[in-house]
Amino acid sequence: MKRILASVLVVSTAAFVVFGCGGTGNANGVNLQRRQLLGLWRDTQLNANGRTVGCPGSIEILSSGRIVSCGGTIEFRSDSTFTQAIDTFGGSQVIREGTWTLMRNQITLFYTGAANPVANDQFTILMGEDGNSFLSEREMDGTTVGTLLVRQTL
């Protein structure tokens, strides 16, 4: 009985160390630090409906027929502003600017000049262990859409 109890205690402690304290990831809503997001990030992959495409690319959301696409960059600055450059299929770019907030693992973008003063985009951020990539996820028409972004060196 003592050996079973000791085994359970060792396994429990190991699980806590591995899952409770491990890495810089943020599964289950662990707080991210603002400094982790600062810098320039490029879209590299898009996934939805069990499909993954490289950026630039697009996927149709099956429930609504809406097309989601990826391609471009976003730069988060320490003064809580951002600039987003979205690559279009015609070869041009759409530039959006505004401010951003971070609460736990939720990032909210507020676009400058938007008709609606409330949040324009909200994403859940899942930071990669090395801090050089993150997956942003949001719900669109009942489908989880994920975009993988990779830190760019300047």
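Predicted model: local features only at pLDDT ≥ 70, side-chain atom pairs only at ≥ 80, totals over all residues.
Guide: Welcome! Strands here are DSSP runs of type E with at least two residues, numbered from the N terminus.

Visitor: How do you know whether Arg 104 counts as buried, exposed or partly exposed?

Guide: Its relative accessibility is 45%. Buried needs under 20% and exposed needs over 50%, so a value in between is called partly exposed. Arg 104 therefore counts as partly exposed.

Visitor: Why is the pair Cys 55 and Cys 70 called a disulfide?

Guide: The sulfur atoms of Cys 55 and Cys 70 are 2.0 Å apart. The cut-off is 2.5 Å, so the pair qualifies. By this rule the count comes to 1 disulfide. The two partners are 15 residues apart and link distant parts of the chain, with Cys 55 in the loop between strand 2 and strand 3 and Cys 70 in strand 4.

Visitor: What makes the disulfide of Cys 55 and Cys 70 left-handed?

Guide: The torsion about its S-S bond is about -110°, so the disulfide is left-handed.

Visitor: Why is Cys 70 called buried?

Guide: Cys 70 has a relative accessible area of 5%.

Visitor: What makes the peptide bond from Cys 55 to Pro 56 cis?

Guide: Its omega is near 0°. Most peptide bonds are trans. Pro 56 has its place in the loop between strand 2 and strand 3.

Visitor: Which residues line the largest cavity?

Guide: Pro 56 and Cys 70 are among them, together with Gly 57, Ser 69, Asp 87, Thr 88 and Phe 89. About 40 Å³ of space lies in this cavity. The structure holds 1 cavity of 30 Å³ or more.

Visitor: How do the lining residues of the largest cavity divide into nonpolar, polar and charged?

Guide: There are 3 nonpolar, 3 polar and 1 charged. Asp counts as charged, and Gly is placed among the polar residues.

Visitor: What lines the largest pocket?

Guide: It has 30 lining residues, and Asp 43, Gln 84, Phe 123, Arg 138 and Thr 147 lie nearest its centre. Strand 1, strand 6 and strand 11 are among the elements that give two or more residues to the lining. The lining divides into 17 nonpolar, 8 polar and 5 charged residues. About 490 Å³ of space lies in this pocket.

Visitor: How far apart are Glu 97 and Gln 84 in sequence and in space?

Guide: They are 13 residues apart in sequence and 6.2 Å apart in space, C-alpha to C-alpha. Glu 97 lies in strand 7.

Visitor: Why is the link between the side chains of Glu 97 and Thr 83 called a polar contact?

Guide: Their side chains are joined at 3.3 Å. The cut-off for a pair of N or O atoms is 3.5 Å, so this distance falls within it. Leaving aside neighbours within four places in sequence, Glu 97 is also in contact with residues including Phe 82 and Tyr 111. At 44% relative accessibility, Glu 97 counts as partly exposed.

Methods: Residues numbered from 1 in each chain as written. Heavy atoms only, no water. Helix = DSSP H or I, 4+ residues; strand = E, 2+ residues; numbered from the N terminus. Buried < 20%, exposed > 50% of the residue type's maximum accessible area, 1.4 Å probe, protein only. 1 Å grid on protein atoms, 1.4 Å probe; cavity = no way out; pocket = protein on both sides within 12 Å on 5 of 7 lines; lining within 4 Å. Points joined across faces, edges and corners; volume = space filled by probe spheres on them. Contact = heavy atoms within 4.5 Å. Polar contact = N/O pair within 3.5 Å; in protein donor to acceptor, adjacent residues only side chain to side chain.
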